[in-house]
Amino acid sequence: MIPISVVVVVMGGWCTVYLTDTILRSSGSLKNRYESWLSSNGFTLSPFHIKWHTSIFNRLFTRCAHLNPRFLYIWFSAGMVFGVLAMFGSVVLLSQTLLQTLRQMMAETPQGSHEQVLQVVVPGVNLPVSQLAYFFIAILISGVIHEFGHGVAALREQVRLNGFGMFMFVVYPGAFVDLFTTHLNLITPVQQMRIFCAGVWHNFMLCVAALSFLFLLPVFLFPFYYTGTGALVTEVMDGSPSSGPRGLFLGDLITRLEDCPVIGVQDWDECIQHLSHNPQTGYCVHTAKLQHSRSTGRAYKRLDGTMECCGNNSLSDLCFSYSNNVESKLFACLPVRKTIEASRTCRTNTDCQTDFTPSLCLIPSLENQTRLIRVKHPPQTDMLFVGYPSHLQYSVSLTNFVPRLGFLHPDLPVMLETFCKYLISLSGALAVVNAVPCFALDGQWMLTAFLEATLSSVIPERNNRELIGFFFLLGGSALLAANVALGLWMVTAR
């Protein structure tokens, strides 16, 4: 469910705006000046909606539209081709997404939602409140670049630009351009397609630019940060298994999980997945240490069928299972840190027969799915984690970038990475959704111009072409509405 605090802030903010607007409009002395100020500055207010319209950027649009005519012709022609492909591709993508959602709805234990290319995003539900700033800034930039493409393409095709504007609807920001409709109706369908497809084309190129920046980020930050030596801890969740006197701390550099090397964040994730899906690692322990065992051979079954040989209140001891030449299965309760400190990992006793000291392979006897994981973060003592590997994975935040200088903040690369990822996701989503042949979206005008350009010689009657377009738009609108409705239900209700 959406956090109550988010709802209160949003509703309280809009109520304040609406109440202030009502008071000023009702005031006999301030009404005229207030409405005059709104009109002169291009502001329009209505419940849960604020719009700003201006013409101060018209000169900038005009200059951009006349920079390099030949290049712009090729640029927007390429955008037209991309827009047509995106229009049909978006229908295929939405159809696949709808089928995936229906399969998840019918499944008893829905899985695989992370595999969907498109997902409905609800702030406070599947979008962390702490990352709302990234989300809204990325949406605003994507919308501005989208409309910038429409505006420049329109001026290049000799369509007058009346102005540019931005708006806020509930919590979602956006942008728009105001084109002179008469000029737009006089140009050819191909020229119209260059204008209508320019928005999704610019969103796609913004994705490419953000992806390139993300890929080259280590190069850009090389003078200030280095990579390839481990995963740097930037945050540890309070009260989590990773916190505590012998846990992880801000600035620790993780280099290994058991015998799995950690070079960066991706290695950290892969190592945890590897440890989760493979049997518990054993440790080579000298037989002399077994003589100090507090409980050898006395073991009992837990409810899940696994074996326990230590007291329930033991915080430093752990039950280990092993075998020797006489008996196939023995259990020993040992102090875990002293037992596995500086020990090699193993699977069987054979893995431990590499020196002259007699050693056995001791495997921690833990509950199902839980693991003992040794986290190396030199020069500190190894952290010993006992629990579900996913709890370890999500209890810390990591980055690949290690500051070269002490005054550099480790969160800066993380912020840049996160913003680029949001920009890629949201700009790409804006391109896909706007390309859908749906009423009130760019796809409506892209489809209309496309049908005029391709079917005018085959179907001379304009009414017939419009009827075909109407049914396509009806189908696209229903497809998009179904995806949004079911996506919202999957996110909020389940």
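Q: Which residues are buried in α1?
A: Quick background: this is a predicted model, where local features need pLDDT of at least 70, side-chain atom pairs count only at pLDDT 80 or more, and totals for chains, interfaces and linings use all residues. Residues are numbered from 1 along each chain as its sequence is written, and side-chain values use heavy atoms, with hydrogens and water left out. Buried means under 20% relative accessible area, exposed over 50%, and partly exposed in between (1.4 Å probe, protein chains only). In α1 the buried ones are Val6, Val10, Trp14 and Asp21.

Q: What do the buried residues of α1 pack against?
A: Helices (H or I, at least four residues) and strands (E, at least two) are DSSP runs numbered from the N terminus, and contact means heavy atoms within 4.5 Å. The buried residues of α1 pack against α2 (31-41), β1, β2 and β3.

Q: How many Å apart are the end C-alpha atoms of α1?
A: The expected span of a helix is 1.5 Å times one less than its number of residues. With 23 residues (4-26), α1 should span 33 Å, and the model agrees, as the ends sit 32 Å apart.

Q: How many bridges join β2 to β3?
A: Two strands pair if DSSP finds at least two bridges between them. Strand β2 (residues 49-54) already has 4 bridges to β1 (residues 43-46), running antiparallel. On β3 (residues 161-169), Met168 is the bridge partner of Ile50. These two strands also run antiparallel, and the bridge count for β2 and β3 is 6.

Q: Which exposed residues does α3 carry on the face turned away from its buried side?
A: Helix α3 (residues 58-65) buries Asn58, Phe61, Cys64 and Ala65. They cover an arc of only 125° around the axis (using directions from the helix axis to the C-beta atoms), so they lie on the same side of α3. Cover for them includes β2, α4 (69-106), α5 (132-156), β3 and β4 (172-179). The face turned away carries the exposed Arg59 and Arg63.

Q: What radius of gyration does the chain have?
A: The radius is taken over C-alpha atoms, and the globule rule is 2.2 Å times the number of residues to the power 0.38. For 494 residues, a compact globule would come out near 23 Å, but the chain has 31 Å.
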